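Good morning, and thank you for joining this presentation.

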Protein chains: 2
Amino acid sequence: MEQLSPTAYVILGLVRNEPRSGYEIKAVVDNSTRFFWAASYGQIYPELKHLAEAGLVIGSDSPTGGRRRTVYEITADGEEELRAWLRQPPHTFEMREEGLLKLFFADALPPGEAVAIVRAMRAHRLEVNAQLRSIEALKGGIDDPYPKIVLRGGIEFTQWFADWCERMEEEILAAAAPEERSS
Amino acid sequence: MEQLSPTAYVILGLVRNEPRSGYEIKAVVDNSTRFFWAASYGQIYPELKHLAEAGLVIGSDSPTGGRRRTVYEITADGEEELRAWLRQPPHTFEMREEGLLKLFFADALPPGEAVAIVRAMRAHRLEVNAQLRSIEALKGGIDDPYPKIVLRGGIEFTQWFADWCERMEEEILAAAAPEERSS
DNA sequence: CTGCCGATATATCGATCTGATATATAGTCC
DNA sequence: GGACTATATATCAGATCGATATATCGGCAG
């Protein structure tokens, strides 16, 4: 049994509740897991075929008029595979933050310009925070609790990060300012 | 002028202070930028060649005995290119957290097992936190301030995340426990 | 001084993933 | 009838990871 990629489990998890097309999967990902695990069409469609070959999902034609469409639903084997994965300790933890990278090298810039970097990071995080809040507002009380916990985690994290940026801005400004501490 | 990848700028930034070999660059990355921007040999060596062709770094042979070794240093054009990049607003913000992904789908597990997921996340974050603290302890007062700010940010973030996991653990346990609120 | 191990140094490769683009059809609005 | 957006699938170049291969060097245990 070859190892599935985490993205395969995203798909398994999302078709578990209801049958979905690749397009719908992408749309759901973009409004939920994207913030801690993204997926693109280039992964989703090949992976759906792969999962279907492995018998973990079943696809069925469900065209809308003349437009072909295949929806996938999970099989018993797929459910089993998903649960087995959930019980394994997580392996992948990655972060790619171009803003932090720039701040790291800010020494190469004239003093004072580092502030622009933390301001840009802060603005971006606040933007994501607002997106997450609007997603939270959309979701009624219908869902199971775990996606909600993760969503609130995202909201708290982006807020924390924005606040950190604010603190750093002050710190950098204080360090750059002429030492004018009066006696 | 084709666009350089952020990893190219990591290399530019790291050879700016002192000439380094690809191997040394990888070692420095693993102890500094790895936590917000990783790089592998598979990127570093080709990118060094690419940067050398573009005239942004210069490589010179500097063998140790019979072992060939090429160290690279930044050129004036490279410095210019680095500063220009630092002034651009950051574009890439990614996070891949398999633990959050598992928590998101924890509904597929019998109640109670979700706690194991947040515990694993917390343990991992505390481990990274300890690594970052030991890196901080190693660095004397020599460095420029920005890498220090970023490093402290990493320490604060991993601590925040670990604390969040702890809070979620309590919350999940409270929700899973039989409602035993006495009158 | 020999053999082994770990560090230094470079290179490569399959698999994964992104971001963009291409191709259709369906529905809506003017 | 035309413009526009949403639905739906597919593909591809380039970035990246993680692992592995190859080789030399230095140190140290026996």
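A residue is called near a molecule or strand if its C-beta atom, placed from the backbone, lies within 6 Å of it. This is a predicted model, in which local features need pLDDT of at least 70 and side-chain atom pairs count only at pLDDT 80 or more, while totals for chains, interfaces and linings use all residues. Residues are numbered from 1 along each chain as its sequence is written, and chains are lettered from A and ligands numbered from 1 in the order in which they are written.

I begin with the DNA. Of the 25 residues around DNA strand C, the nearest are A:Gly42, A:Gly65, A:Gly66, B:Ser21 and B:Gly42. Helices (H or I, at least four residues) and strands (E, at least two) are DSSP runs, numbered from the N terminus. Two or more residues of the surface near DNA strand C come from each of helix H1 (6-17) and helix H3 (41-53) of chain A, and helix H2 (22-30) and helix H3 (41-53) of chain B. For classes, Ala, Val, Leu, Ile, Met, Phe, Trp, Tyr, Cys and Pro count as nonpolar, Asp, Glu, Lys and Arg as charged, and the others, Gly among them, as polar. By class, this surface has seven nonpolar, 13 polar and five charged residues.

DNA strand D is surrounded by 25 residues, the closest being A:Ser21, A:Gly42, B:Gly42, B:Gly65 and B:Gly66. Here the elements giving two or more residues are helix H2 (22-31) and H3 of chain A, with helix H1 (6-17) and H3 of chain B.

Let us turn to the sheet of chain B. In what order do the three strands of the open sheet stand? The order is E1-E3-E2, with antiparallel pairing; two strands pair if DSSP finds at least two bridges between them. Strand E1 (20-21) and strand E2 (57-61) of chain B stand at the edges with a single partner strand each, so one side of each has no neighbour in the sheet. E2(B) is joined to strand E3 (residues 70-74) of chain B by five bridges. Within E3(B), B:Glu73 is the bridge partner of B:Ile58.

Contact requires C-beta atoms, placed from the backbone, within 7 Å, and angles run from 0 to 180 degrees between N-to-C directions of axes, which are lines fitted to C-alpha atoms, for helices over the stretch in contact. H3(B) lies across E2 and E3 of chain B, at about 110 degrees to E2(B).

Notes. Contact = placed C-beta atoms within 7 Å.
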